[in-house]
Amino acid sequence: MVKKALITGIAGQDGSYLAEFLLSQGYEVHGIVRRQSLENPSGKLKNIAGVIDRLTLHVASLESHLSLYKVISQVQPDECYHLAASSFVSYSFDDESSILAINFNGTHHLLASIKDVAPKCRFFFAGSSEMFGLVQDSPQKEVTPFNPRSIYGISKLASYHLVQNYFRQYDIFACTGILYNHESPRRDFKFVTRKITSSVAKIKLGLQEKLFLGNLDALRDWGYAPNYVQAMWLMLQNSSPNDYVIASGKNHSVRDFVECAFRYVDLDYRKFVELDPRFFRPSEKIPLKGDHSKISTELHWQTEKIFEEIVSEMVENDLKIFSNAQ
Ligand code: G4F
């Protein structure tokens, strides 16, 4: 029998790669999108343009329990991948209510609907390394204590506890992938990697003069998004629900990324990069770096693409986009 998967956030970076991967595995793939996305498909749905004819899209909102309940009742998915979220790590008080409403309530509405109308559906929740927050040790594992320091991290951690509770209390196959930063040519422009690669392409093409950034010494564990969606799938094929860290296990600084991206187009980053206090965040004394040994040992997941390959692929893609736009 053909398996049915439902993806929230299907038009985002991860959702689009996951949709392609599941189609290649023979799944019937359903996705939840917002009404505005359907009204502007060439903009909001561009990541899934290549496969849109093979998908079934449903309009629903994470803030509306009823809309999610209806989709889950109708689709009766075997697997649900909950990837949609307000995903920018904001420290702004103004954003707090909407981040909590979208991230925490959205997860609750999905789990409650699954419990009521599709209790055999397996549920993957996209957690985040931001749940660890201000850490005492590096690298972090599944047993590392959580200490979130952003409202985004708090919303993800609260959802993580909810996911565990639905497993313990209601026997729903529900698990969390603790995802570290993962990048690709489909990364949104607000995140630092895409901000850098798009600026490098524009500077090279004479369309931009400077790149303004925050802390160049901030360290991140950057992996490759298409590789991380395979880990999500493996987690739902497991014999029982279990949580895993999904990470590259390596740290690089924002400066390393900048240097590598400018080097790819034969430019010296020091001539183009300027610091801007608007982009600085509270300091992180011990860096976030994940230990992926549990998922590698138990589910045989392996990391793909080294840092330099990810940077080159992203710069190459942005060079194409911005030269075509000229
Ligand atoms: O690219 P970023 O905005 O990603 P961040 O905050 O690490 O969050 C991403 O990864 C998390 C998983 O670890 C996800 F949960 C989350 O949804 C998202 O996908 O920032 C990366 C680093 C930070 O240390 C930031 O301080 O880059 C530093 N940075 C320096 N200058 C900048 C900038 N970040 C942004 N966005 N813009 C800058 O100009």
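**Thr144 and its loop**

I began with Thr144, which sits in the loop between strand S5 (122-128) and helix H6 (151-170). I kept in mind that this is a predicted model. Is Thr144 buried or exposed? Its relative accessible area is 14%, so I noted Thr144 as buried, given that buried means under 20%. I then followed the side chain of Thr144 and found that it reaches the backbone nitrogen of Lys141 at 2.8 Å.

Pro139 is found in the loop between S5 and H6 as well. I looked up the peptide bond from Ser138 to Pro139 and found it cis, with omega near 0°.

**Two residues with positive phi**

Next I looked at backbone angles. Most residues other than glycine have a negative phi. Gln76 is not a glycine, yet I read a positive phi of about 55° for it. I located Gln76 in the loop between helix H4 (65-75) and S4. Its relative accessible area is 36%, so I wrote it down as partly exposed.

Asp171 went into my list too, with a positive phi of about 65° although it is not a glycine. I found Asp171 in the loop between H6 and strand S6 (174-179). At 61% relative accessibility, Asp171 counts as exposed, because the cut-off for exposed is over 50%.

**Glu79**

I moved on to Glu79, which lies in strand S4 (residues 79-82). How buried is Glu79? Its relative accessibility is 2%, so it counts as buried. Which side chain does Glu79 join in a polar contact? I found Tyr27, at 2.8 Å. Leaving aside neighbours within four places in sequence, I saw Glu79 in contact with several residues, among them Lys3, Lys4, Cys121, Arg122 and Trp233.

**The ligand**

An N or O atom in the side chain of Asn181 is 2.5 Å from a ligand oxygen. For the side chain of Lys195, I noted 2.7 Å from an N or O atom to an oxygen of the ligand. Val192 uses a backbone N or O atom, 2.8 Å from a ligand oxygen. My last entry is the cover: the protein covers 96% of the 720 Å² of accessible area that the ligand has on its own.

How values were computed: Residues are numbered from 1 along each chain as its sequence is written. This is a predicted model: local features need pLDDT of at least 70, side-chain atom pairs count only at pLDDT 80 or more; totals for chains, interfaces and linings use all residues. Side-chain values use heavy atoms; hydrogens and water are left out. A polar contact is a pair of N or O atoms within 3.5 Å; within protein, one must be able to donate a hydrogen and the other to accept it, and residues adjacent in sequence count only if both atoms are side-chain atoms. Accessible areas come from the Shrake-Rupley method with a 1.4 Å probe; for residues, only the protein chains shown count as cover. Helices (H or I, at least four residues) and strands (E, at least two) are DSSP runs, numbered from the N terminus. Buried means under 20% relative accessible area, exposed over 50%, partly exposed in between (1.4 Å probe, protein chains only). Contact means heavy atoms within 4.5 Å.
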